[in-house]
Amino acid sequence: MTPTWDELSIGTECAPREYGPLTRTDIVRYQGASGDFNPIHHDDDFAQSAGYPTAFSVGMLQAGILASYATDWLGPRNVRAFGVQLREQVWPGDHLVCSGHVVARDDADRTVDLELVVTRVGGGAAITGTATFAVQ
């Protein structure tokens, strides 16, 4: 159930959610859906020729996971802004944890601003993000 305005204050956190392990099939399926067929995301030889140990995930796949996490919390119809910054590669086999919290409230517009992050278990922040949601 979507939280109400009175239930959201600065510092309110959404329960973290783990995704994974991310598989090569997940990555290739995202490539097909998005039209991004860069071989660095599915061809190990190609990725190694570019200096990477193996093929790695498309960053926008993690951005989509983060967007779904936020909209599951505050509702897809309530999104007013969403942005991400890609920080580090995500590899096949990685487990990801999404987390987020309220950093600002606008009483006049009844919106909340969020800070969001996708963290690789055993690694760093793969993606950081911000979002603004309208709240009833």
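1. A patch, for nonpolar side chains, is made of residues with over 30% relative accessible area and no salt bridge, joined within 5 Å. In this predicted model, M60, V79, F82, V84 and L86 make a nonpolar surface patch of about 400 Å². Strand β2 gives the largest share of the patch, four residues. M60 lies in helix α3, residues 59-74. Its relative accessible area is 44%, so M60 is partly exposed.

2. The count of salt bridges comes to five. One of them joins the side chains of R17 and D72, at 2.8 Å from N to O. R17 is in strand β1 and D72 in helix α3, so this pair ties together parts 55 residues apart in sequence. R17 is partly exposed at 30%, whereas D72 is exposed at 51%.

3. R24 and D44 form another salt bridge, with their closest N and O atoms 3.0 Å apart. Here helix α1 holds R24 and helix α2 holds D44, so the pair ties together parts 20 residues apart in sequence. R24 is partly exposed at 28%, and D44 is partly exposed at 27%.

4. E88 and R120 meet through their side chains in a salt bridge of 2.4 Å, N to O. E88 sits in the loop between β2 and β3 and R120 in strand β4, so parts 32 residues apart in sequence are tied together. Salt bridges with shared partners join E88, D94 and R120 into one network.

5. D94 is also in the loop between β2 and β3. At 10% relative accessibility, D94 counts as buried. A polar atom of the D94 side chain lies 2.8 Å from the backbone nitrogen of W91. Residues that D94 touches include Y19, P21 and R120.

Notes. Residues numbered from 1 in each chain as written. Predicted model: local features only at pLDDT ≥ 70, side-chain atom pairs only at ≥ 80, totals over all residues. Heavy atoms only, no water. Helix = DSSP H or I, 4+ residues; strand = E, 2+ residues; numbered from the N terminus. Buried < 20%, exposed > 50% of the residue type's maximum accessible area, 1.4 Å probe, protein only. Polar contact = N/O pair within 3.5 Å; in protein donor to acceptor, adjacent residues only side chain to side chain. Contact = heavy atoms within 4.5 Å. Patch = residues over 30% accessible without salt bridge, like charges linked within 9 Å, V, L, I, M, F, W, Y side chains within 5 Å. Areas by Shrake-Rupley, 256 points an atom, 1.4 Å probe, with all protein chains shown as cover. Salt bridge = Lys/Arg side-chain N within 4 Å of Asp/Glu carboxyl O. Lists of a residue's contacts leave out its neighbours within four places in sequence.
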